[in-house]
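Have the viewer open and follow along.

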Amino acid sequence: MKNQKLKTRIEQYRVDIAYTKEAYYSAFFRLSKEQKQKMLIRRWLSFSTIIFGVVTLSGLINMVFGIEESRLTIVATVFSALSLLISIYLTGLERIDDPHPYLQRADSFTVFYKWIKTKEASLDEANTAEIEGIIKALERKYQIVGTNPLPLEFEDYKKALENIKNGNLTYVEEDFQNT
C-alpha cells in the first residue's frame, strides 16, 4: 500500500513536469512569434521615420528658399510630429522578451522528464527505501530545474494541455524504427 502511494507520487511529479515542459516550449514559440512581429513593426516604423525626416528636411530647405511657405510649413510640422510619435512608440518597443531562456528551461525539463520516465520504469522491482530515494532525488532535481521560474501565460498552459492530449509526448512504433 505504501509503495503504491509513493509510486503515485512519482507519477504526479511526471505529469507536473510534462505540463511544465510543454508550457515552456509553448511560451518559447509564442515569444518567438511575438519577437518577429515586433521586429517587423520596428523596421517599418524606423523606415517611415527616415522618410518623414527626409520630407521634413526637404520642406524646410524649400521654406528657406521661399517656395510655397505656408503649405510646406504645415507638411513639415505634420511630418515632424509623426516622426516624434513614431520615435516615442519605438522606444516602448525596445523591450522585446528573449524567447531563448524559455527554450533552455523547456530542454532542462525534457531531460528531467526522461529521467523520471526511466526511474518510473524500474519501480515495479524497487522496494520502499529505493522508491523513497527516487522521490528525494526528484525533489532535489525539481528544486534545481524549477529555480527562478520564467513567467508563463494561460495560453501556454492551454497549449501544453492540448499537446499532451494530442499525444505529443508519446512514441509510436515508427519513431523507434526511424531513429
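Which residues in helix 3 meet which residues in helix 4? On the helix 3 side they are Arg105, Ser108, Phe109, Phe112, Trp115, Ile116 and Lys119, and on the helix 4 side Ile134, Ala137, Leu138, Lys141, Tyr142 and Val145. Contact here means heavy atoms within 4.5 Å. Sorted by type, the residues of this contact come out as 9 nonpolar, 1 polar and 3 charged. For that sorting, Ala, Val, Leu, Ile, Met, Phe, Trp, Tyr, Cys and Pro count as nonpolar, Asp, Glu, Lys and Arg as charged, and the others, Gly among them, as polar.

Before going further, some housekeeping. This is a predicted model, where local features need pLDDT of at least 70 and side-chain atom pairs count only at pLDDT 80 or more, while totals for chains, interfaces and linings use all residues. Residues are numbered from 1 along each chain as its sequence is written, and side-chain values use heavy atoms, with hydrogens and water left out.

Back to the helix pair. Two packed helices are described by the angle between their axes and the distance between the axes. Helix 3 covers residues 100-121 and helix 4 covers residues 128-145; they pack at an angle of about 175°, with axes 11 Å apart. That makes helix 3 roughly antiparallel to helix 4. The labels go by angle: under 35 degrees is roughly parallel, over 145 roughly antiparallel, 65 to 115 roughly perpendicular and the rest oblique. The axes themselves are lines fitted to C-alpha atoms, for helices over the stretch in contact, and angles run from 0 to 180 degrees between N-to-C directions.

Now zoom out. The chain has 6 helices and 0 strands, giving the pattern α-α-α-α-α-α along the sequence. Both kinds of element are DSSP runs numbered from the N terminus: helices are H or I with at least four residues, strands are E with at least two. Of the 179 residues in the chain, 30% are buried, where buried means under 20% relative accessible area, exposed over 50%, and partly exposed in between (1.4 Å probe, protein chains only). Among contacts between residues at least 6 apart in sequence, 89% join residues at least 24 apart.

What about the inside? The largest nonpolar core has 23 residues, and Ile10, Ile17, Ile131 and Leu138 touch the most other members. Such a core is a set of buried Ala, Val, Leu, Ile, Met, Phe, Trp, Tyr and Cys residues joined through side-chain atoms within 4.5 Å. Helix 1 (2-64), helix 3 and helix 4 each give two or more residues to this core, and helix 1 gives the most, with 10 residues. Click on isoleucine 10: leaving aside neighbours within four places in sequence, its contacts are Ile116, Glu120, Leu123, Ile131, Ile134, Ile135 and Leu138.

Further along helix 3 sits threonine 110. Threonine 110 is buried, at 15% relative accessible area, and touches Lys21 and Tyr25, not counting residues up to four places away in sequence.

Next, the charged pairs. Side chains of opposite charge can pair when their charged atoms come close. With a salt bridge taken as a side-chain nitrogen of Lys or Arg within 4 Å of a carboxyl oxygen of Asp or Glu, the count comes to 7 salt bridges. Arg30, Glu34, Glu153, Glu155 and Asp156 are linked in a network of them.

Look at arginine 30, which is buried at 9% relative accessibility. Arginine 30 forms a salt bridge with aspartate 156, their closest N and O atoms being 2.8 Å apart. This pair links distant parts of the chain, arginine 30 in helix 1 and aspartate 156 in helix 5 (residues 154-165), 126 residues apart. Aspartate 156 is buried too, with a relative accessible area of 0%. Arginine 30 also bridges to glutamate 34, with the closest N and O atoms 3.5 Å apart. Those two are 4 residues apart in helix 1, so about one helical turn separates them. Glutamate 34 is partly exposed, at 28%.

Phenylalanine 29, also in helix 1, is exposed at 55% relative accessibility. Phenylalanine 29 and aspartate 156 are 127 residues apart in sequence but 9.4 Å apart in space, C-alpha to C-alpha.
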